[in-house]
Amino acid sequence: MELYLSLSAYGGVSTREALTVFWQAGIRHVELAIGPRPDADAVQAIQDFQQQGMVYRSHHAFVWGERHQSFNLAQPQDWNYFQRMTDWLADLGITAYSVHGGHFPIGTERAQAYANFLENVHYLHQLCQTRGIVLGVETMYPTLPTSGKQYLLDKASEVAQFCQDAPQIKIVVDLAHLNIWHHHSLQAKLQWLKLPSERLLEIHISDNDGRQDIHSRITPHTWWVSQITQFPPGVPIVLESRLNRLPVSVVQQEYVEAQRLVADIGLLP
């Protein structure tokens with residue numbers, strides 16, 4: 001069991017600055033993600049820290065160069081980017097990559113967005129598979145009515161449908177996202193932690209206000225803390241709490257507290 005810290009936790013600075021803070025905090029497991037400022041040094045920084053012993057996973061539209069490439073898998077895609085990206089992951093030896101299901105404007109056809117997503121994610125899975133990369137798709141969350149868009153996989157029935165439609169692709173359970181599943185019981189939320197361990201790519205942890213995905217820091221009152229004995233052993237955990245521009249000591253404390261939380265039930269040594 002490994003505990004990773006997401007690069008999204010320390011956004012707004014360069015990749016090198018964020019990784020330097022993580023390294024000084026004693027963190028050696030990092031998930032590449034959106035958050036750092038794109039710059040020409042990003043790839044070199046990632047490689048430099050890997051040579052020192054940092055271990056990476058990667059998530060969605062992560063920053064890996066001078067320009068950031070956002071994408072939405074619920075729409076048709078230009079696959080040249082994904083081929084270059086998965087080649088780069090393979091060259092770096094990264095073997096786990098996860099994505100969002102995608103989003104669509106409120107008032108448009110959800111079925112078409114889901115069909116686009118399925119086509120895209122199956123092709124992405126083929127790219128990953130031929131490069132030795134395991135692909136996962138993340139559980140999403142209902143948006144506020146004022147947002148103008150909806151996410152796919154924002155409810156249990158659609159996640160279950162996806163599990164049937166793509167049994168070869170793993171699931172990423174985001175517990176902060178499940179906190180926004182207001183029309184689901186506690187048991188319905190926890191069922192996703194009861195999938196066979198081999199079906200789960202990773203578990204994302206942070207907190208929020210139950211309305212928006214604000215990636216706030218974990219407290220004793222965070223909804224899943226009392227349910228942590230439900231966590232399956234052997235599935236990597238990714239900490240996503242926002243720590244932007246906080247000192248090394250605070251980053252280290254948040255990471256150590258998360259380590260202690262899962263170590264208390266034997267998930268970590």
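In the predicted model, the largest nonpolar core comprises 79 residues, of which Phe22, Tyr56, Tyr97, Leu124, Phe162 and Leu175 touch the most other members. The greatest contribution to this core comes from helix α4 (residues 110-130), which supplies eight residues. Beyond residues up to four places away in sequence, Phe22 is in contact with Leu5, Ser6, Leu7, Tyr10, Ile27, Arg28, Val30, Met54 and Val251.

Buried positions in α4 are Arg110, Ala113, Tyr114, Asn116, Phe117, Leu118, Asn120, Val121, Leu124, His125, Leu127 and Cys128. An α-helix has 3.6 residues a turn, so residues three or four places apart point the same way. After α4 comes Gly132, which has a positive phi, near 75°.

Strand β6 also belongs to a barrel, which is closed by eight strands in the order β1-β2-β3-β4-β6-β8-β9-β10 with parallel pairing. Neighbouring strands of this sheet are turned against each other by 30° on average, direction ignored. The pairing of β6 with β8 (residues 170-174) is parallel and runs over three bridges. Opposite Val137 stands Ile171 of β8.

Notes
Residues numbered from 1 in each chain as written. Predicted model: local features only at pLDDT ≥ 70, side-chain atom pairs only at ≥ 80, totals over all residues. Heavy atoms only, no water. Core = buried A, V, L, I, M, F, W, Y, C linked by side-chain atoms within 4.5 Å. Buried < 20%, exposed > 50% of the residue type's maximum accessible area, 1.4 Å probe, protein only. Helix = DSSP H or I, 4+ residues; strand = E, 2+ residues; numbered from the N terminus. Contact = heavy atoms within 4.5 Å. Pairing = 2+ DSSP bridges. Axes fitted to C-alpha atoms, helices over the stretch in contact; angles between N-to-C directions.
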